[in-house]
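Hi,

Here is the model I said I'd pass on.

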Amino acid sequence: MSRRARLVFFAVAAAALAATLGAGLAGLPSFGRQVSAYARMLNEVAGPQRHVTDVVSAITFDYRGVDTLFEEFILLAAVAGISVLLRPLSDEIRELPEDKAPDRAIPPPSPAVWLLAVLLSSLLALIGLETVTHGVLTPGGGFQAGVILASGIYVIYLGTNYRTVERYQPDALLEASDGIGAAGYVVIGLLGLLAGDAFLTNVVGLGTTGNLIAGGTIALLNLTVGLEVAGGFVILASEFLDQTAVIRARRR
Amino acid sequence: MSVLAYGVVAWLFLIGLYGVVTSRNLVHMVVCVSVAQSATDVLLLEIGYRTGGHAPVFVSLPAHPGPAVDAVMQALALTDVVVGATVTALLLALVVQVHKRAGTLDPDALRATRE
């Protein structure tokens with residue numbers, strides 16, 4: 001199909017879509033007027049029922065915890081899929097840049113960049129841990145914290161080189177953290193069944209509202225999700241990094 | 001106000017699709033998919049918004065904080081962001097392999113899409 005024909009085809013389809021979308025959006029309640037009764041109720045009861053102050057966390061990990069279970073497995077499946085897609089193929093080899101010129105040493109990174117990387121990565125680790133542990137109190141939680149923790153590793157790469165970053169991300173540990181994080185969610189869900197209640201029931205002691213230890217399973221699920229997301233995103237980044245840094249076509 | 005708010009959603013979605021249709025580079029196309037996908041984030045947050053509402057985090061609030069916005073929609077937007085990120089990552093992995101096999105990122109130059 002020529003580009004022109006494709007554009008005409010798109011214009012017709014887009015006009016129909018825009019009309020349907022417009023009709024659908026016009027049927028929504030007007031912007032900013034009111035929120036659903038469900039949300040008003042959850043905002044009221046989440047604090048007293050679950051001893052949390054961040055209602056979003058309570059919904060994600062408790063009231064709609066099964067959704068998040070599947071979401072977590074989508075992430076796990078995607079990371080596994082990317083690892084399979086980006087593996088070294090039969091006509092490729094893994095070769096570090098220094099393997100080509102063994103007599104030339106890699107120049108060390110400039111001290112300023114190195115210092116920045118050290119400061120930034122430790123700061124990111126700290127903020128990541130803060131975000132995951134305060135998930136029940138303030139905005140944040142496992143998903144956000146996992147990404148923050150994983151970006152600490154990227155900063156190490158920016159400040160040093162491939163060899164160093166590989167030392168800080170042993171594959172076995174990362175895969176274990178990804179898998180244990182995902183499995184941990186199911187195990188915590190099973191606690192509810194063991195207590196003679198439904199799957200993912202919040203059966204752990206709820207603690208005191210406003211304290212670091214509060215929310216029962218919500219805080220625990222935040223931790224396991226943080227573990228999974230951090231592991232998953234570091235694996236993800238290292239797979240893409242391998243593609244540019246070490247995977248080369250096999251020479252004949 | 002409603003027209004502007006929901007208009008942004010429709011515009012984001014359609015401009016993303018336009019980008020996908022006219023794209024000449026697969027990486028650009030993946031970015032366009034995530035632009036179209038971000039329309040759902042905006043829509044979810046808008047449905048949950050309440051004029052003058054505060055975040056659904058009930059800590060250190062003033063004496064009369066007023067209503068809170070919809071926490072359910074924010075939780076759904078969180079799910080959407082995570083799924084969007086994984087979709088983008090998977091598509092980019094496919095793009096890497098397409099580039100290796102075909103030696104090009106132009107979708108029109110790929111053999112399967114040429115007549």
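In chain A, 73% of the contacts with a separation of 6 or more are between residues 24 or more positions apart; a contact here means two residues whose C-beta atoms, placed from the backbone, lie within 7 Å. For chain B the corresponding share is 53%.

Before the rest, some housekeeping. This is a predicted model, where local features need pLDDT of at least 70, side-chain atom pairs count only at pLDDT 80 or more, and totals for chains, interfaces and linings use all residues. Residues are numbered from 1 along each chain as its sequence is written, while chains are lettered from A and ligands numbered from 1 in the order in which they are written. The model's scores are ipTM 0.87 and pTM 0.88. Chain B has a mean pLDDT of 90, with 97% of its residues at 70 or more (pLDDT is the predictor's confidence in each residue, from 0 to 100).

Chain A

Chain A has 10 helices and 2 strands, and from the N terminus on they run α-α-α-α-β-α-α-α-α-α-α-β. Helices (H or I, at least four residues) and strands (E, at least two) are DSSP runs, numbered from the N terminus. The radius of gyration of chain A is 24 Å, whereas a compact globule of 252 residues would be near 18 Å. That radius is taken over C-alpha atoms, and the globule rule is 2.2 Å times the number of residues to the power 0.38. Along the principal axes, the C-alpha atoms fill a box of roughly 70 × 60 × 40 Å. Of the 252 residues, 35% are buried. By the cut-offs used here, a residue is buried if 20 or more other C-beta atoms lie within 10 Å of its own, exposed if 12 or fewer, and partly exposed in between, with C-beta atoms placed from the backbone.

One helix to look at is H9(A), residues 171-194: its 24 residues reach 34 Å from first C-alpha to last, close to the 34 Å expected at 1.5 Å a residue (the expected span is 1.5 Å times one less than the number of residues). Its buried residues include A:Leu174, A:Gly181 and A:Tyr185, and the buried residues pack against H4 and H10 of chain A. After H9(A) comes A:Gly196, with a positive phi near 80°.

Chain B

Chain B is built from 3 helices and 0 strands, in the order α-α-α from the N terminus. The C-alpha trace spans about 65 × 30 × 15 Å along its principal axes, and 23% of the 115 residues count as buried.

Where the chains meet

The contact draws 43 residues from chain A and 41 residues from chain B. On the chain A side, H1 (3-26), H2 (37-50), H3 (55-63), H4 (65-85) and H10 (217-245) each supply at least two residues. H1(A) gives the most, with 9 residues. Sorted by class, this side of chain A has 26 nonpolar, 12 polar and 5 charged residues; Ala, Val, Leu, Ile, Met, Phe, Trp, Tyr, Cys and Pro count as nonpolar, Asp, Glu, Lys and Arg as charged, and the others, Gly among them, as polar.

H3(A) is worth a click: 9 of its 9 residues are buried. They pack against H2, H4 and H10 of chain A together with helix H3 (71-102) of chain B. Among them is A:Ile59, which touches A:Leu42, A:Arg64, B:Ala71, B:Val72 and B:Ala75, not counting residues up to four places away in sequence.

And which residues have the most contacts inside the largest nonpolar core? They are A:Leu42, A:Ala58, A:Ile59, B:Ala71 and B:Val72, in a core of 64 residues. H10(A) gives the most to this core, with 11 residues. A nonpolar core is a set of buried Ala, Val, Leu, Ile, Met, Phe, Trp, Tyr and Cys residues joined through C-beta atoms within 7 Å.

Last one: B:Tyr49, in the loop between H2 (26-47) and H3 of chain B. B:Tyr49 counts as partly exposed because 18 other C-beta atoms lie within 10 Å. Leaving aside neighbours within four places in sequence, B:Tyr49 is in contact with A:Phe31, A:Gly32 and B:Val69. B:Tyr49 and B:Ala68 are 19 residues apart in sequence and 8.6 Å apart in space, C-alpha to C-alpha.

Cheers
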